[in-house]
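Please keep the sequence and the model in view while reading.

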Amino acid sequence: MIHGLLWFPLLLIFVLLTALGWLERRRQSLFLNWAEGSELSKLDGSGAARLKEGTLSWSSFEAGSFKEQNSFEITKLELLELMALTSGEAPLTNESQGRCRLRLIGNGKEMDVPFSDAEQARQWMSQLMGKARC
């Protein structure tokens with residue numbers, strides 16, 4: 001009986017990890033379908049983003065599907081800034097890592113796209129500016 005009580009928590013942990021793995025696999029599968037045909041796409045802890053047919057759109061994963069948060073026409077892009085996620089209007093320094101946001105400015109609008117990784121956001125900045133010039 002004691003052996004059963006000792007193994008029971010391990011069984012619960014195994015079931016929990018299996019369920020979490022299944023949910024992540026489902027999220028990635030839905031993302032692949034959502035991002036199909038995109039020129040650029042990303043999926044991270046902050047959400048998903050894609051550049052498709054000149055429009056950058058970003059979504060969050062809620063209730064088993066991607067809910068579109070906003071979109072921006074990339075041909076109207078005038079300025080891209082890398083901003084800190086939580087410290088208001090402070091730009092992110094080159095040495096900074098971690099969570100951040102890309103501020104898109106153009107056509108009289110300002111929109112923020114969240115990123116979990118500053119290095120990935122820097123790569124997106126250069127690729128988006130290249131696409132905006134085309």
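**Briefing on the predicted model**

The side chains of Arg101 and Asp112 are joined by a polar contact of 3.0 Å, a polar contact being a pair of N or O atoms within 3.5 Å; within protein, one must be able to donate a hydrogen and the other to accept it, and residues adjacent in sequence count only if both atoms are side-chain atoms. The structure is a predicted model, in which local features need pLDDT of at least 70 and side-chain atom pairs count only at pLDDT 80 or more, while totals for chains, interfaces and linings use all residues. Residues are numbered from 1 along each chain as its sequence is written, and side-chain values use heavy atoms, with hydrogens and water left out.

**Overall architecture and confidence**

- The protein chain contains two helices and seven strands, where helices (H or I, at least four residues) and strands (E, at least two) are DSSP runs numbered from the N terminus.
- Along the sequence, these elements follow the pattern α-β-β-β-β-β-β-β-α.
- The mean pLDDT of the protein chain (the predictor's confidence in each residue, from 0 to 100) is 83, and 88% of its residues reach 70 or more.
- Confidence is highest in helix α1 (residues 2-34), at a mean of 89, and lowest in helix α2 (residues 118-133), at 80.

**Burial and surface**

- Of the 134 residues of the protein chain, 34% count as buried; buried means under 20% relative accessible area, exposed over 50%, and partly exposed in between (1.4 Å probe, protein chains only).
- The protein chain exposes about 8,500 Å², and carbon and sulfur atoms supply 57% of this area, as given by the Shrake-Rupley method with a 1.4 Å probe; for residues, only the protein chains shown count as cover.

**Aromatic rings and charges**

- Five aromatic pairs are present in the structure; rings of Phe, Tyr and Trp (its six-membered ring) pair if their centres lie within 6.5 Å, and planes under 30 degrees apart count as stacked, over 60 as edge-to-face and the rest as tilted.
- Phe31, Trp34, Phe61 and Phe66 are linked into a cluster by ring pairs.
- The charged end of Arg50 sits over the ring of Trp34, 4.3 Å from its centre; the criterion is that NZ of Lys or CZ of Arg is within 6 Å of the ring centre and within 35 degrees of the ring normal.
- Lys42 lies over the face of Phe115, at 4.4 Å from the ring centre.

**Residues in strands**

- Arg101 belongs to strand β6 (residues 100-106) and counts as buried because its relative accessibility is 10%.
- Ser60 is placed in strand β3 (residues 55-62) and also counts as buried, at 15% relative accessibility.
- The side chains of Ser60 and Gln69 form a polar contact of 2.7 Å.
- Leaving aside its neighbours within four places in sequence, Ser60 is in contact (heavy atoms within 4.5 Å) with Ser65, Phe66, Lys67 and Gln69.

**Residues in loops**

- Thr75 lies in the loop between β4 (65-73) and β5 (79-84) and is partly exposed, with a relative accessible area of 49%.
- A polar contact of 3.1 Å joins the side chain of Thr75 to that of Glu73.
- Thr75 and Lys131 are 56 residues apart in sequence, and their C-alpha atoms are 7.9 Å apart in space.
- Glu53, in the loop between β2 (47-52) and β3, is exposed at 74% relative accessible area, and its phi is positive, near 55°.
- Asn107, in the loop between β6 and β7 (109-115), has a positive phi of about 60° although it is not a glycine.
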